[in-house]
Amino acid sequence: MSAPELLAAAMRTAIDRSEQVRGTTSPNPPVGCVVLDASGAVVGVGATQPPGGPHAEVVALRQAGERAAGGTAVVTLEPCAHTGRTPPCTDALREAGIARVVHAVSDPNPQAAGGAEVLRAAGVEVQSGLLAREAANGPLRAWLHFVRTGRPHVTWKYAATLDGRSAAADGSSKWISSADSRAEVHQIRAKVDAIVAGTGTVLADDPQLTARHPDGTLLPRQPLRVVVGDRPIPPGARVLDDSAETVQLPGGDPAGALAELARRGIVDVLLEGGPTLAGAFLAAGCVDRIIGYVAPMLFGSGRAALGDAGVGTISQALRFEVEEVSMCGPDVRVSAVPVRRPGCGREETSVHRDR
């Protein structure tokens with residue numbers, strides 16, 4: 001294997017490792033790191049631990065030990081050069097004798113950026129941009145959005161029939177999507193920071209909003225359950241059980257709700273509310289990605305998957321770019337992002353990275 005191939009393989013391993021910890025590091029980024037010794041052999045692999053724990057570089061360097069000297073650190077994000085809850089990763093890399101650092105994405109946060117310059121000044125060779133698209137559109141997607149905009153990244157997930165219905169005429173909706181799709185959604189839930197639904201959905205469907213195994217048992221990690229709206233949640237509602245923490249945010253303003261979640265350190269949000277809440281988020285420009293599961297069935301009538309989204313004529317259509325189309329069991333899974341950057345609330349560029 002050539003040197004470029006070795007680096008690309010190491011970066012893919014780092015991206016995979018960062019994906020494994022996604023959801024456990026917020027408000028810090030899920031970073032992966034691979035350390036190669038001077039001959040190009042993998043001697044250390046690590047990922048960022050929960051806040052207050054070691055960063056990916058430190059975990060990988062500890063595993064590598066003395067074999068890191070003269071080697072290469074392959075990292076999904078530019079190593080930090082500031083002191084937060086832990087010392088700068090640039091110090092750890094220099095002290096370990098790393099000769100070269102290859103990172104996929106430069107840190108957009110001015111409070112934490114500059115690691116590349118610090119390392120170069122210390123005589124370390126630095127390369128940036130290796131598999132940047134894969135890292136930025138993968139595990140780092142939500143965190144990069146959070147840092148650049150000051151608000152959580154929002155994915156609207158929905159399931160619908162071929163004719164766009166989320167429920168039949170009698171209101172029944174279990175199950176439109178297949179068992180494969182439902183299992184995948186629960187894995188997605190386990191990696192986000194919060195699931196958001198409206199009071200209408202809670203009152204009508206009594207969802208649990210948890211991440212579960214196919215047999216119904218809880219997955220190890222549970223996101224925060226967020227209910228948006230003013231109507232009180234009934235005392236016996238399943239969102240109030242002890243499976244996970246639940247908060248209710250009054251009002252129906254998407255930007256306001258997301259601002260409150262940002263203050264709580266929530267980076268990655270899965271919007272699973274009904275058509276009314278989804279329409280409000282889309283009309284406000286507060287949806288950053290859509291994941292739709294389209295089932296091969298027709299209802300002809302019934303509840304539409306999306307309510308009023310502020311579109312009165314075709315020229316006002318909310319346009320999205322399809323990122324991926326794949327099969328999930330018998331369902332078609334579509335991932336799409338806005339053609340233009342959403343304008344949800346006030347855009348910010350200086351979110352603190354508490355690392």
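These legends walk through a predicted model, from the whole chain to a few close-ups.

**How to read the views.** Since this is a predicted model, local features need pLDDT of at least 70 and side-chain atom pairs count only at pLDDT 80 or more, while totals for chains, interfaces and linings use all residues. Residue numbers start from 1 along each chain as its sequence is written, and side-chain values use heavy atoms, with hydrogens and water left out.

**View 1. The whole chain.** Let's start with the big picture: the chain has ten helices and 15 strands. (Helices, H or I with at least four residues, and strands, E with at least two, are DSSP runs numbered from the N terminus.) The radius of gyration is 22 Å, close to the 20 Å that the globule rule gives for 355 residues, so the chain is as compact as a globular protein of that length. (That radius is taken over C-alpha atoms, and the rule is 2.2 Å times the number of residues to the power 0.38.) The C-alpha atoms fill a box of roughly 70 × 45 × 40 Å along the principal axes. Of the 355 residues, 50% are buried. (Buried means under 20% relative accessible area, exposed over 50%, and partly exposed in between, with a 1.4 Å probe and protein chains only.)

**View 2. An open sheet of five strands.** Read across this sheet and you get the order β2-β1-β3-β4-β5, with mixed pairing. Which strands sit at the edges? They are β2 (42-47) and β5 (125-128), each pairing on one side only. (Two strands pair if DSSP finds at least two bridges between them.) Neighbouring strands here are turned by 15 degrees against each other on average, direction ignored. Zoom in on β3 (residues 72-77) and β4 (residues 100-105), and you'll find a parallel pair joined by five bridges. Alanine 73 has valine 101 in β4 as its bridge partner.

**View 3. Helix α1 across the sheet.** Helix α1 (residues 3-20) lies across β1 (32-36), β2, β3, β4 and β5, and runs at about 45 degrees to β3. (Contact means heavy atoms within 4.5 Å; axes are lines fitted to C-alpha atoms, for helices over the stretch in contact, and angles run from 0 to 180 degrees between N-to-C directions.)

**View 4. Strand β11 and its partners.** In a regular strand the side chains alternate between the two faces of the sheet. Follow that along β11 (residues 268-271): Asp268 and Leu270 point one way, Val269 and Leu271 the other, and all are buried. Strand β6 (residues 153-161) runs parallel to β11, with four bridges between them, and tryptophan 156 partners leucine 271. Strand β8 (residues 194-198) also pairs with β11 in the parallel sense, over three bridges. There, valine 196 stands opposite leucine 271.

**View 5. Helix α9 and its buried face.** In α9 (residues 254-263), the buried residues are Pro254, Ala257, Leu258, Leu261 and Ala262. Looking down the axis of α9, these fall within an arc of 140 degrees, so they line one face of the helix. (The arc is that of the directions from the helix axis to the C-beta atoms.) Glycine 265 follows α9 and has a positive phi, near 80 degrees.

View 6. Threonine 161 belongs to strand β6. Is threonine 161 buried or exposed? At 2% relative accessibility, it counts as buried. Leaving out residues up to four places away in sequence, threonine 161 touches Ile176, Val294, Ala295, Met297, Leu298 and Phe299. Threonine 161 and proline 296 are 135 residues apart in sequence, yet 6.3 Å apart in space, C-alpha to C-alpha.
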